[in-house]
Amino acid sequence: MSVAEKIGAGLDRVLSMELVRVTERAAVAAARLRGRGDEKAADQVAVDAMRTELNRLTIKGTVVIGEGERDEAPMLYIGEEVGDGHGPEVDIALDPLEGTTICAKNLPNALAVVALATKGSLLNAPDVYMDKIAIGPGYADDVIDIDATPAQNIERLAKAKGVDVSQITACILDRPRHAALIEAVRGTGAAIRLIGDGDVAGVIHTTDPDETGIDIYMGIGGAPEGVLAAAALRCIGGQIQGRLILDTPEKRERAARMGVSDPDRVYHAHEMARGDVLFAATGVTDGNMLSGVKFSHNSITTHTIVLRSSSRTVREIKARHQDMDKF
């Protein structure tokens, strides 16, 4: 069996380390513009850096979650082919700068994120909103239910965790659309961590509540971010449920073109990210789980988490890059 054939049987673990370089380069590029107030510029340099690194990988990759559809995004658009054209055929979900506003304002938890899975394994979600609920590992499958009330979900989680409701903290995007949700959660006595952006990070934070202080993620965010979060949860453990919000004929038609036959379907982690999955995220700004990029006069330091579903491996990589010309 050739090397390519061996890799094609499953995602080679070497790819997980190569994927780190992809998120590192995007994170460093974006970090150079953090706090400058220019969201578009920070996003564009991250996109450019990530695309360059993806094209160096030994893969036949297709972007299924990207910067948008081809006529909206010049690079890393949905359907774009990346890699050197050799090796395994893979689906790629990415967000070169998750939290563009966060980066522009130099606030916590901006990330560069990539998920890679065997071909046909990632949900080809349209760029619409998705209602989501997520918790970390170690709970029975029926603890959360996207169709239950916020109070019911909070109370079930507290019972499963063996704590009082007052010891539960929910992460919710700070948006006007969440006013009723926020009121309902606070009505239970639970605490809320409001975030301005970055719901991939918000979901991932549920996997380590002792470190992050977040037990559950609730609310409406982007569908592409839901797929990225599901990929991470497949690797770490945990649960996520999501339902696409297809509230106009145009959105339903676009979703149908992308293979969504049931607009009311509730997707779970294993349906959004199946098969062998790799996930990498590098901090752009300091956050609850990852430190942001640090620049010194002779080196650049990055902090990355890289995950693999088949082995449930979680690696944290703090790297000091002294060849600064490569960035």
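**Note on the predicted chain: surface, fold and salt bridges**

1. The accessible surface of the chain amounts to about 14,200 Å², and 46% of this area belongs to carbon and sulfur atoms; the areas come from the Shrake-Rupley method with a 1.4 Å probe, and for residues only the protein chains shown count as cover. This is a predicted model, in which local features need pLDDT of at least 70 and side-chain atom pairs count only at pLDDT 80 or more, while totals for chains, interfaces and linings use all residues. Residues are numbered from 1 along each chain as its sequence is written, and side-chain values use heavy atoms, with hydrogens and water left out.

2. The chain contains 11 helices and 14 strands, which are DSSP runs numbered from the N terminus (helices H or I, at least four residues; strands E, at least two). For 327 residues a compact globule would have a radius of gyration near 20 Å, and the 19 Å of the chain agrees with this; the radius is taken over C-alpha atoms, and the globule rule is 2.2 Å times the number of residues to the power 0.38. The C-alpha trace spans about 55 × 50 × 40 Å along its principal axes.

3. Of the 327 residues, 53% are buried, where buried means under 20% relative accessible area, exposed over 50%, and partly exposed in between (1.4 Å probe, protein chains only). Among contacts (heavy atoms within 4.5 Å) between residues at least 6 apart in sequence, 69% join residues at least 24 apart.

4. The structure holds 12 salt bridges, each defined as a side-chain nitrogen of Lys or Arg within 4 Å of a carboxyl oxygen of Asp or Glu. One of them joins the side chains of Glu-80 and Arg-51 at 2.5 Å, N to O. This pair links distant parts of the chain, 29 residues apart, with Glu-80 in the loop between strand E1 (60–65) and strand E2 (81–82) and Arg-51 in helix H3 (residues 39–54). Glu-80 counts as buried at 3% relative accessibility, whereas Arg-51 is partly exposed at 26%.

5. Arg-243 and Asp-147 also form a salt bridge, their closest N and O atoms being 3.1 Å apart. Because Arg-243 lies in strand E9 (residues 239–244) and Asp-147 in the loop between strand E5 (129–135) and helix H5 (150–161), the pair ties together parts 96 residues apart in sequence. Asp-147 counts as exposed, with 53% relative accessibility.

6. Within helix H10 (residues 249–257), Glu-250 and Arg-254 are 4 residues apart, about one turn of the helix, and form a salt bridge with closest N and O atoms 3.0 Å apart. Glu-250 is partly exposed at 44% relative accessibility, while Arg-254 is buried at 13%.
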